[in-house]
Amino acid sequence: GSMLGGGFANAADSAIDNILSTGELKVCFEAGYIPFEMKTKDGRFIGFDIDISKHMARSMGVKFVPVNTAWDGIIPALQTGKCDIINGGMGITPERNLKVLFADTYLEMGQTVLVTPEVASKIKDYRDLNDPKFRLVSQIGTTGAIAAKKYFPNAQLDLFETSADSVLQVKNGKADAFVYDLPYNAMYAAQNKEGVVHLDEAFTYEPLGWAIRQNDVNFLNFLNNYLVQIKKDGTYDRIYDKWFNS
Ligand code: ARG
């Protein structure tokens with residue numbers, strides 16, 4: 001297809017043309033988001049989204065090509081053709097949806113907080129964090145950052161490039177609370193029982209979806225039907241159980 005910047009020359013152009021002609025499904029994500037996409041010590045990418053992406057590529061008869069991208073620039077990377085799809089735990093928000101197409105929701109979750117043991121002993125629930133005496137942290141450009149501003153406008157907020165840098169602030173006692181996606185927080189808390197306490201009451205509703213370039217209805221139709229198929233034939237559950245119930 002003749003791709004210019006983020007747009008397409010005509011409505012018939014689809015990422016599908018490029019995927020089939022190159023034999024590659026290029027997938028954008030930002031590794032470091034447990035259990036969706038992680039980078040192993042030997043440089044491989046693993047996780048729920050990665051397994052789904054590999055299966056998706058196989059279903060198209062092409063090779064999965066990982067495109068690990070800073071979260072901050074992930075939508076521009078899609079728009080400029082560095083990848084064909086974002087499959088990276090992206091929340092379907094109205095703001096993002098003005099820039100990209102989202103396939104139907106593949107997973108639902110919400111925002112929670114990880115707090116220091118000291119803060120946990122002092123507060124009743126997450127609402128008490130809306131206080132200037134608390135220093136909150138989250139990752140730049142995430143729904144966690146948006147939720148932190150919306151639900152805790154009176155608290156201090158510092159944003160970091162990665163989730164790992166953000167959550168470390170709480171683990172090291174330099175910040176009081178980390179606002180982020182429930183699955184990440186649940187798993188991080190399970191792995192760091194001494195350092196952090198998970199207040200696991202989600203206070204937002206967040207559907208996750210695969211993002212593609214605007215106008216590409218051919219690819220959108222493929223993805224929505226593919227999603228129904230894997231949800232009904234056991235593929236989705238098998239991959240889900242592997243990463244969420246182990
Ligand atoms: N679900 C959140 C969002 O849409 C966080 C996703 C962060 N993903 C990542 N690789 N850090 O903003």
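Contact here means heavy atoms within 4.5 Å. The exercises below concern a predicted model.

**Exercise 1.** Determine where proline 183 sits, whether it is buried or exposed, and which residues it touches.

Solution. 
1. Helix H8, which spans residues 182-191, contains proline 183.
2. The relative accessibility of proline 183 is 8%. Buried means under 20%, so proline 183 counts as buried.
3. With residues up to four places away in sequence left out, proline 183 touches Ile34, Pro35, Phe36, Met109 and Phe244.

**Exercise 2.** Locate the largest cavity relative to the domains and describe its lining.

Solution. 
1. Searching the whole structure for cavities of 30 Å³ or more gives one.
2. The largest cavity holds about 110 Å³ of space.
3. It is lined by 14 residues, and Tyr33, Trp71, Gly89, Thr142 and Tyr180 are the closest to its centre.
4. By class, the lining has three nonpolar, six polar and five charged residues.
5. Both domain 1 (3-108 + 207-244) and domain 2 (111-199) contribute residues to this lining, so the cavity lies between them.

**Exercise 3.** Describe the nonpolar cores and the contacts of leucine 107.

Solution. 
1. The largest nonpolar core comprises 49 residues; Leu25, Phe48, Ile85, Leu107, Trp210 and Phe219 have the most contacts inside it.
2. Domain 1 and domain 2 each supply at least three residues to this core.
3. Beyond its neighbours within four places in sequence, leucine 107 contacts Phe36, Phe48, Glu206, Pro207, Leu208, Tyr236, Tyr240 and Phe244.
4. A separate second core has 15 residues, among them Ile123, Leu129, Phe134 and Ala147.

How values were computed. Residues are numbered from 1 along each chain as its sequence is written. This is a predicted model: local features need pLDDT of at least 70, side-chain atom pairs count only at pLDDT 80 or more; totals for chains, interfaces and linings use all residues. Side-chain values use heavy atoms; hydrogens and water are left out. On a 1 Å grid over the protein atoms alone, a cavity is a set of points where a 1.4 Å probe fits but cannot get out, and a pocket is an open set with protein on both sides within 12 Å along at least five of seven lines; lining residues have an atom within 4 Å of a point. Grid points are joined across faces, edges and corners, and a volume is the space filled by probe spheres set on the points. Ala, Val, Leu, Ile, Met, Phe, Trp, Tyr, Cys and Pro count as nonpolar, Asp, Glu, Lys and Arg as charged, and the others, Gly among them, as polar. Domain bounds come from an automatic or database domain assignment. Helices (H or I, at least four residues) and strands (E, at least two) are DSSP runs, numbered from the N terminus. Buried means under 20% relative accessible area, exposed over 50%, partly exposed in between (1.4 Å probe, protein chains only). A nonpolar core is a set of buried Ala, Val, Leu, Ile, Met, Phe, Trp, Tyr and Cys residues joined through side-chain atoms within 4.5 Å.
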